[in-house]
Amino acid sequence: MTITTPNTGTNRVARKGRLSPSKTVTFTFDGKQLNAMHGDTLASALIANGIHLAGRSFKYHRPRGILGSGAEEPNALMDIARDKIRTQPNVRATTQEVFDGLIAKTQNYYPSITFDVGGINNVLAPFFSAGFYYKTFMWPKQAWKKLYEPVIREAAGLGHAPKEADPDRYANRFAHCDVMIVGGGAAGLMAAKTAAKAGKKVIICDENPEFGGWLLAEGEASIDGIPAAEWAAKTVADLVAMANVKLLSRTTAFGYYAQNMVTLAERITDHLALPDADAPRERLWQVRAKNVILATGAIERHLVFADNDRPGIMLSSAARMYLNHYGVAVGQNVGVYTACDSAWHAALELQEAGVKVVAIIDMRSNPDEQLIARAKALGIPVRTGSAVTKTSGKLRVKSMTVEPIGDHLTEKFEIDALIMSGGWTPSVHLFSQSRGKLKFDEPNGRFIPDIHVEQCVSIGSCNGTNEIDAALAEAISASNAVTGKKAGKAPKTMGFASMEGHLIGSAKGAGPDDHVMAFIDYQNDVCAKDVRLAVREGMHSIEHVKRYTTTGMATDQGKMSNMHGLAIAAEALGKEIPAVGLTTFRSPYTPVTFGTIVNHAKGDLFDVTRRTPMHGWAEDQGAVFEDVGNWKRAWYFPKAGEDMHAAVSRECKTTREVAGIFDASTLGKIEVVGPDAVKFMELMYTNPWEKLKVGMCRYGIMCREDGFVYDDGVVGRLAEDRFHVTTTTGGAPRVLIMMEDYLQTEFPDWKVSLTSTSEQWAVIGVQGPKAREIISSLVEDIDLSADAMPHMAIREGKICGVPTRLMRVSFTGELGFEINVPADYGQSVWEAIWDIGSPMGMVPYGTEAMHVMRAEKGFIIVGQDTDGTVTPYDAAVGWAVGKKKTDFVGIRGLKRPDLIAEGRRQLVGLRTKNSKVVLEEGAQIVVDPNQPIPMKMIGFVTSSYWSETLGHSIAMALVENGFNLKGETLYVPMPNETIAVEVCDPIFYDKEGARLNV
Amino acid sequence: MSKSASNTMTAMRVGPLDGLLFASNGISLTPAPSGTRLVIRARAEAQAEAKKLLGFALPTKPKTSIIKGDVHCLWIGPDEFLVIDVDGSGLPAKFEKAGNGKLAAIDVSHRNTAIIVSGPNAVDALNSGCPQDLSLEAFPVGAASRTILGKAEMILYRTSEAEFRVECWRSFSDYVWKYLVDAVKSV
């Protein structure tokens, strides 16, 4: 019996690569089932299976192949799914590891990738010039909303986001370390080893599944006498064994923020066939590092020439990676076009591995003699001082046409892949994000780090140090600079390829014509001609050129295109490159999912939901809740068949006739304690406090310095030097903050302290004629009689055997108590009161009934009847301003000319002429409804309700000169009618307060 | 109105997290027993008074605490201390008549509730929402700090190498609990 191993592709090269043929996986690509080796990326698996066609381009819908082998990939963006819901568009095939059951689909075509109707855009390309949208869709303005925008939106973008909610979990981790090393290539690993050995706390991350960086693409090179990739694996094993090192693979450092905050996105399950259900898919790391070492490496550039985007045309570094790491040949007849030594090494290794290299075309007239000799020894034709001026092949490159740079003799080569190299661009994205300043390295045509702003250092090829020994030495000295030691010796290296030579800008045949499609930015479909056009049309700043042409934008962030775009713009402008400048690199380095950014903050954890101790009881009673800030408050308690209106009317009526029980626990509470407590209260509130007796309460108004009402609430004096201050529910935090602000910055020597006790006390309001009767049997040590405990008294004693601060206060106008008990007792005490009150006819009431009843009494709600431009006088609570007081916050503000001038809006009551009509809150008020539009509005409705108790609607409003308009008729124009109203006193019910004082 | 109530029922103390438990990935979450708590506000000149009432001196260094028996005293601010009596005996009573002139004592026994986070990976769970460095060097046993967990404020107190006490306000405890559960699952 023979065991057959699945065919993982015809382009596998014998004795090449580090993947094991014994472990295979099966995935589907555009509906077709394919096999791959475990460890393959989607890209390496596709190329092994002879597939280069990987998608259609963004704007012109041109067939595109796989260009790179990692995060730099601009073309091969695919839709990756593991099931119907778990699907993500625009995933780079070069970074997605294959797993059993992976479903990959190409994007941006209709009806099929090989025949795409959208390809018409390619034919129409002359019309889609740079700035096309700006020019074409200017007029008519109205067409934008209805026509252009929807159509463009539909056609724009790559891939489609799933509509279902994301079922995956995401996590977050804050971390601190001595050294954060970004990049696990030769330099990064060397730096990590050096710093870790000195005992430093090290975090090192790498975006790939395996550490090693470009070492993994090396075939023959060795470090310390062992193959380079093995050295990387051995170094990683050493680091894993050290407790002070955290290694994060599949982790991209995507952002660099102030004070050495580096953010990482760790991909945890995207490579697994069967991830643990509880495991987060990705984790955001927010690392605060004492030192950052950037070892982010370099990215190879493509060359800009006519039709340089056919599938099969790719970077030479990618060809090496596919050959040496994945054991995959990128083609069988490979052309090589270069301005850099790197592509020569790729060519030599391919040829040695049995792949036919058709020819090496080098733009340079004098490339390295040794390379030429080696190529010739292997029988590879070489053309120096030459350029590829044309390619052919619709869905895969078929030929390249070669010309000497100074001549017109053409030569055509049949090929099925073309690898290219324009040299290496240091990855300075993170360095740039850290506000580091770059300098232009003229001889090598690149920007390299110059001035570091943060506590960080760049090493290796991201610092322009391409030579391996120099990079390793740089790594050691960077770590020694952190540790303060002089440790470590660079290991011996052998057989590393030279990275010399470069070209930035366009090559021969990429212009100056206006129609040649020589791409500088594959992802955004920007050609050399577009940059020239942008310059001709007046874009002289590189930032403008970027936005006009979209080069280097979006998810690509110009990884391959920046230098070409800049060089072409500089040439067109006739300026030096440094004078044109480089665009700013933005976070993220590569796209980060929203899930990772949001991490834990979804569902229940989207925001804090605060519930009172009695919440569960209200829920059991079928209460409908409303959101008040972060609180859930019982809004009303509908009985079977009741709507909100009926429930609220019943709650109000019953409370006034019998009793109602109300959860007021959300009120803010502040304990103000100390010898200077009363002095402080005098300062913070407009009211006088000196003479308030211990055991009594007072309604207090708080203003800002400008004299406008800020908050209000009832304050009880528990002792000479102790106040129980209540605030509005929403105002609790800001009132405490304002108080602390004055105390800490203006009066730090005052002996008074402020402590929030909002949540110490559950507050049970019992209101109505039977309130006293209901609670009396539960209360100990407090005389509740009208004489002993009048309206606005506060007493300390016990209820149900536990301590209480019992206040006789009323926001309804009825006899009422607010029972403060320690919060954990709230539910139990509430139930005890309910057991007594319910048989007597007491009902629970919610915030809506509370609003109605207080409006019947003309009590204001700060924030509803005031809006930040209303003084206590305007709000008809001027009586709460201490006339004899010489100081309080807002006393000067209240004397401002505009605050004492005539014609201010003042709070009044309104009654509709038709008593059944309930006004809309916010409705505007006019004197003459027949005046021409725009009418002069003299005020607006702040509160409006149906009053079941009174049998008519009631409203409060802020109206110019309102106090003097009582009895006058005003009008509220609405879309379908004009409502006549009469100005009245805002106290609609029991003006004398007879119901209170019983 | 009689001095003693006719109804003799005594209210039950119900904590917001009563009955909850969670453990996974080498971390367990347990609601702390309902103790008593005081906020003490005492400036330098009141330290002697505080010592007299507490039986020991207040901590003087930021991010530190002092323990005596069941009473833990946490430095929260230059003049602010959180005193936790974990077994819930009459701590507030001791301070009830404390001279306000010298220091202020405010009963916050029910304002806060606490979750014990324990296990070798406790730090990782807490660092899912807390940005502080919780390594033993930076946050040793006994360290206490007012900080955040996700969107909630908490006081984090390390009671042993692998155990923390998370104090938060009562109504935030549902969020804090769920956040910690999510964090523990994700470690």
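Predicted model: local features only at pLDDT ≥ 70, side-chain atom pairs only at ≥ 80, totals over all residues.

Reply: Residues are numbered from 1 along each chain as its sequence is written, while chains are lettered from A and ligands numbered from 1 in the order in which they are written.

Start with the sheet of chain B. Six strands form an open sheet, in the order β1-β2-β8-β11-β10-β9. The pairing is antiparallel. Strands are DSSP E runs of at least two residues, helices are H or I runs of at least four, and both are numbered from the N terminus. Two strands pair if DSSP finds at least two bridges between them.

β1 (22–24) and β9 of chain B stand at the edges with a single partner strand each, so one side of each has no neighbour in the sheet. On average, neighbouring strands are turned by 25° against each other, direction ignored. Axes here are lines fitted to C-alpha atoms, for helices over the stretch in contact; angles run from 0 to 180 degrees between N-to-C directions.

β1(B) is joined to β2 (residues 27–31) of chain B by three bridges, and the two run antiparallel. B:S24 has B:I27 in β2(B) as its bridge partner.

Now the helix. α4(B) packs on the sheet and touches β1, β2, β8 (112–118), β9, β10 and β11 (163–169) of chain B. Its direction makes about 10° with that of β8(B). Contact means C-beta atoms, placed from the backbone, within 7 Å.

α4 (173–186) of chain B also faces the other chain. In total, 48 residues of chain B are in contact with 51 residues of chain A. β3 (36–41), β7 (104–107) and α4 of chain B each give two or more residues to chain B's side. The largest share, eight residues, comes from α4(B).

Next, the domains. An automatic or database assignment sets the bounds. Chain B has domain 1 (19–34 + 111–187) and domain 2 (35–108). Their centres, taken over C-alpha atoms, are 23 Å apart. Between them, 12 residues of domain 1 of chain B contact 12 residues of domain 2 of chain B. On the domain 1 side, β9 (144–149) and β10 (152–160) of chain B are the elements giving two or more residues. β9(B) supplies the largest share, three residues.

Terms used. Contact = placed C-beta atoms within 7 Å.
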